[in-house]
Amino acid sequence: ISTAQFNIVPVYERQQERPGAPVTQVLQGYRVSNLLNVSTSQLGKVAQVVDSAVAAGANRVDRIQFGLSSELQERGRRQLIELAVNDAKEKATLALEPLQYQIVGVKNMSLAERPQPGPLFAESMRMDAAVGSAPPVFAGEKAVTTSVNVTFLIGPR
């Protein structure tokens with residue numbers, strides 16, 4: 001849990017003693033908002049976290065965001081690169097076989113990595129009249145992709 005934003009804003013009431021008299025503003029108090037970020041790797045407990053926040057006094061849930069951890073992103077990236085390189089090699093070998101050629105080296109290789117997937121958001125919820133059990137929260141799927149362009153050197157078998 002971390003504080004994302006904390007605001008204190010004065011709240012004034014407009015007062016006028018009589019019609020035509022100057023309008024004054026009288027300080028009534030302050031409005032405080034405290035926005036928190038809550039992170040968990042336990043997706044099955046997201047609804048319970050929201051429900052607990054409401055029970056503790058939260059009156060708004062602005063967004064629920066699902067993302068991949070840095071470690072999982074990096075592991076997936078490495079696996080995808082390995083799979084893409086192996087796939088390119090297998091396809092090139094298959095195509096060269098009837099021609100009596102083989103791969104003898106690599107001239108160049110480039111990765112076309114796409115940006116990491118953005119967060120998935122659950123529908124924004126207002127908790128003004130939160131009643132009953134924990135709200136349903138559904139996470140979607142994340143797709144992580146990469147492609148490899150390999151230029152092989154070929155020679156006779």
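The largest pocket is lined by 40 residues, and Leu 36, Asn 37, Val 38, Arg 63 and Ile 64 lie nearest its centre. A pocket here is an open set of points on a 1 Å grid over the protein atoms alone, where a 1.4 Å probe fits, with protein on both sides within 12 Å along at least five of seven lines; lining residues have an atom within 4 Å of a point. The model is predicted: local features need pLDDT of at least 70 and side-chain atom pairs count only at pLDDT 80 or more, whereas totals for chains, interfaces and linings use all residues. Residues are numbered from 1 along each chain as its sequence is written, and side-chain values use heavy atoms, with hydrogens and water left out.

**Largest pocket**
- The volume of the largest pocket is about 1500 Å³, counted as the space filled by probe spheres set on the grid points.
- Two or more lining residues come from each of strand S1 (2–15), strand S2 (24–37), H1, strand S3 (60–61) and strand S4 (64–66); helices (H or I, at least four residues) and strands (E, at least two) are DSSP runs numbered from the N terminus.
- S2 gives the most to this lining, with seven residues.
- By residue type, the lining holds 20 nonpolar, 15 polar and five charged residues; Ala, Val, Leu, Ile, Met, Phe, Trp, Tyr, Cys and Pro count as nonpolar, Asp, Glu, Lys and Arg as charged, and the others, Gly among them, as polar.

- In helix H1 (residues 46–55), Val 46, Ala 47, Val 50 and Val 54 are buried, that is, under 20% relative accessible area, with exposed over 50% and partly exposed in between (1.4 Å probe, protein chains only).
- Seen down the axis of H1, these buried residues fall within an arc of 100 degrees, so they line one face of the helix; the arc is that of the directions from the helix axis to the C-beta atoms.
- Val 46, Val 50, Val 61, Ile 64 and Phe 66 form the largest nonpolar core, a set of buried Ala, Val, Leu, Ile, Met, Phe, Trp, Tyr and Cys residues joined through side-chain atoms within 4.5 Å.
- At least two residues of this core are supplied by H1, and at least two by S4.

- Gln 79 is found in helix H2 and counts as partly exposed, at 47% relative accessibility.
- Gln 79 and Thr 146 are 67 residues apart in sequence and 10.0 Å apart in space, C-alpha to C-alpha.
- Gln 100 lies in the loop between helix H2 (70–96) and strand S5 (101–113).
- Although not a glycine, Gln 100 has a positive phi of about 65 degrees, and at 48% relative accessibility Gln 100 counts as partly exposed.
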